Structure formats: structure tokens, C-alpha cells
Amino acid sequence: AAAGLAQGGPGPDLTSRRAPAYVDTPGARVALVATASSFTAMSPAADARGQRRARPGLSPLNVRALRLVTAEQMRVLAAIPARGRRGDTTIETPPRELSIGREGFRLGEGGGLTYEVDAKDREAVLQGVAQAEAGADLVVFSIHAHQGDGAANGAEGPADFLQPLFHAAIDAGADVVVRHGPHALEGIEIYRGKPIFYGMASLFFDVGDAERRFGPAGREWAFPPEWDDGAIAVTEFRDGRAAEIRIHPLVMRFDTPDRMGMPRPANAEEAIRILERVRRQSARFGVEVLIENGVGIIRPDLGEQS
């Protein structure tokens, strides 16, 4: 606030966090609606109730991860609690879903994870977007979401609840959707003429040492090289639709102690590597990324696919 930055998401109570933040610029009024599906248990805000005071925090979008398993796997899992109670391991019809401790399982093909979204949280977040759309010229919807299917089965891509949420946010009035949390670059989608950025990696990443290691002695962990890469996207709107998106690649510096994790423009070789990743990631959404002079370019009017 002291720096003149509008903040959406964290605040003194839950109601204020669901509401948009606004910035007035010479050309337009911009609204920001922010939420998070990745957060620690102590992070969500709460409204005052009775003798309980309001609690500052963030606007939560609670989600529950469920691991997809085959019918045979579900039969084995369903027998685990049964064995402890009565020794009966015969499960003829596996349940559609069950929980063991904090782990949830659901019948499904292909493995990986699926997610259930709290309906009340989702509705509240979308209401904030609709409120913003009524009071601003440009609406940005932002979410901190680490969830994705890559860790579960080696595939790239966002968690299955994100694309429906992002489309619903645009239907409710969002002009730009920005997901942050992933430390590696993800793809870009165009839906109804509006850009969805599934992850632009980091603007700065001051974590670890020059070898990209962090953690306690003896248990250091080195983050993968793709975490060094990032990008800044600049979107030009015409008549309320994205006319051109220019993607400027960057990399993190680890060459001097006073610049650890700070960004610099990518050189020619780095730019090709970064932009090829963005191109590959965006292709799953039917979006073509051109590469011209070390800059990625998307012109949605040449073929919007969503």
C-alpha cells in the first residue's frame, strides 16, 4: 500500500478479500480479483462472528485432491479399513470413492489426480469477478495454484479444475486470467478473446545459492534448471479482445551475490529455449506462438481456438 500497489486476495477479513481491488490509470480503471487454492492452513481470512474477531488472511478456494485408481486397486484399498475392523477382505463391488487418512481415492481411468472444488468458495470468487466487471474497464483474475497433474503421472499441464474455473471467470467478466505458483513456464490459452496465462514462472527467485541449492545442511535440494526461466507478457487489447500478446523471455541471475535470483533479458539462445517451451505448452490449447527476433508473439485473431 505504501508503494501505491493495489492488492487483491490478502486482507483484514474474508469479505474484504473476496471484493475487487481497483487501480485508476489515465486510460482505464483496472480491477483485480485474487484467490488461492495453494496455501497453508493458517492463511485464509475469516469474518467476525459472535465473540470471534475477524482474522486477516487470503481469499481461499478450497480444493480436495483425489487420486484416480482402477476398480481392482479400489478393491484393495477398500479392504484396508475392513481388515482392521472385522477381517473381511472380500470386496465384491468397489466403492466409487473412499478416504484413508488424509488421502482420497476415486474410481477413474488413466491414473493421476482429479480435484473437487468447494462450491461456496467458487461462487464467492466468481461473484467478486462479476462485481469487478460492473465497476472497471479491465478485470484481472489471479490465482495462486500449484496444483497440476505433472507430479502425479509425469504429464505436463494444469490441474483439471483450473480450466473450467478460468473459463467461468471470463464468462463472469474477467479480461485477463493469471495463474501463479508454478515455478516453471506453462502455456497460454485464448478463450472468448481473453488471455489465460497458466504460469509465467518467476519474475525473481531469490532462493538458494549459486548452485541453485537450498535446504538444511545434508538435505539440500537443487531446483530444476527450468526454474531459471521466466517471461513477461504484454497484451494489447482492441475492442475488448486481445489483439496481440508479446512474450519477452528472461532468466534468473546467479552470477554475483548482490544479484542472486534477479531477472535479466534472455540472450538469443536462451530466448529460443524459453519460447519453444511456451510454444509447446500453448499448443495444447490450440494457440500458435510465433517467434520473431527473440520475442514470442500470439495474434489471437489469426485463429482463436477456444
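Trainee: Which exposed residues does helix 3 carry on the face turned away from its buried side?
Mentor: In this predicted model, that face carries Ala119, Lys120 and Ala134. The term "exposed" requires a relative accessible area over 50%.

Trainee: Which residues of helix 3 are buried?
Mentor: They are Asp121, Val125, Leu126, Gly128, Val129 and Ala132. Seen down the axis of helix 3, these buried residues fall within an arc of 145°, so they line one face of the helix.

Trainee: Why do residues three or four places apart in an α-helix point the same way?
Mentor: An α-helix has 3.6 residues a turn, so residues at that spacing point the same way.

Trainee: Against what do the buried residues of helix 3 pack?
Mentor: They pack against helix 1 (14-18), strand 1 (21-24), strand 2 (29-36), strand 7 (138-144) and helix 5 (162-172).

Trainee: How does the reach of helix 3 stand against the expected value?
Mentor: Helix 3 covers residues 119-135, which is 17 residues. From its first C-alpha to its last it reaches 25 Å, close to the 24 Å expected at 1.5 Å a residue.

Trainee: What makes aspartate 118 a cap of helix 3?
Mentor: A side-chain oxygen of aspartate 118 lies 3.1 Å from the backbone nitrogen of lysine 120, and the cap is at the N-terminal end of the helix.

Trainee: In what order do the 6 strands of the open sheet stand?
Mentor: The order is 1-2-7-8-10-9, and the pairing is mixed. Strand 1 and strand 9 each have a single partner strand, so one side of each is left without a neighbour and they stand at the edges. From one strand to the next, the twist averages 20°.

Trainee: What joins strand 1 to strand 2?
Mentor: The two strands run antiparallel and are joined by 4 bridges. The criterion for pairing is at least two bridges, so strand 1 and strand 2 are called paired. Aspartate 24 stands opposite arginine 29 in strand 2. Helix 3 packs on this sheet, touching strand 1, strand 2 and strand 7, and its direction makes about 175° with that of strand 2.

Trainee: Why is tyrosine 191 called buried?
Mentor: Its relative accessible area is 14%, and buried means under 20%; therefore tyrosine 191 counts as buried. Tyrosine 191 lies in strand 9 (residues 188-191). Its side chain makes a polar contact with the side chain of aspartate 171 at 2.9 Å.

Trainee: Is serine 37 buried or exposed?
Mentor: Serine 37 has a relative accessible area of 7%, so it is buried. Serine 37 is placed in the loop between strand 2 and strand 3 (63-69).

Trainee: With which side chain does that of serine 37 make a polar contact?
Mentor: The partner is the side chain of glutamine 147, at 2.8 Å. Leaving aside neighbours within four places in sequence, serine 37 is in contact with several residues, including Leu61, Val63, Ile143 and Phe161.

Trainee: In what order do the 4 strands of the other open sheet stand?
Mentor: The order is 4-5-3-6, again with mixed pairing. Strand 4 (97-100) and strand 6 (113-117) each have a single partner strand, so they stand at the edges with one side left without a neighbour. The twist averages 35° from one strand to the next.

Conventions
Residues are numbered from 1 along each chain as its sequence is written. This is a predicted model: local features need pLDDT of at least 70, side-chain atom pairs count only at pLDDT 80 or more; totals for chains, interfaces and linings use all residues. Side-chain values use heavy atoms; hydrogens and water are left out. The expected span of a helix is 1.5 Å times one less than its number of residues. Buried means under 20% relative accessible area, exposed over 50%, partly exposed in between (1.4 Å probe, protein chains only). The arc is that of the directions from the helix axis to the C-beta atoms. Contact means heavy atoms within 4.5 Å. A polar contact is a pair of N or O atoms within 3.5 Å; within protein, one must be able to donate a hydrogen and the other to accept it, and residues adjacent in sequence count only if both atoms are side-chain atoms. Axes are lines fitted to C-alpha atoms, for helices over the stretch in contact, and angles run from 0 to 180 degrees between N-to-C directions.
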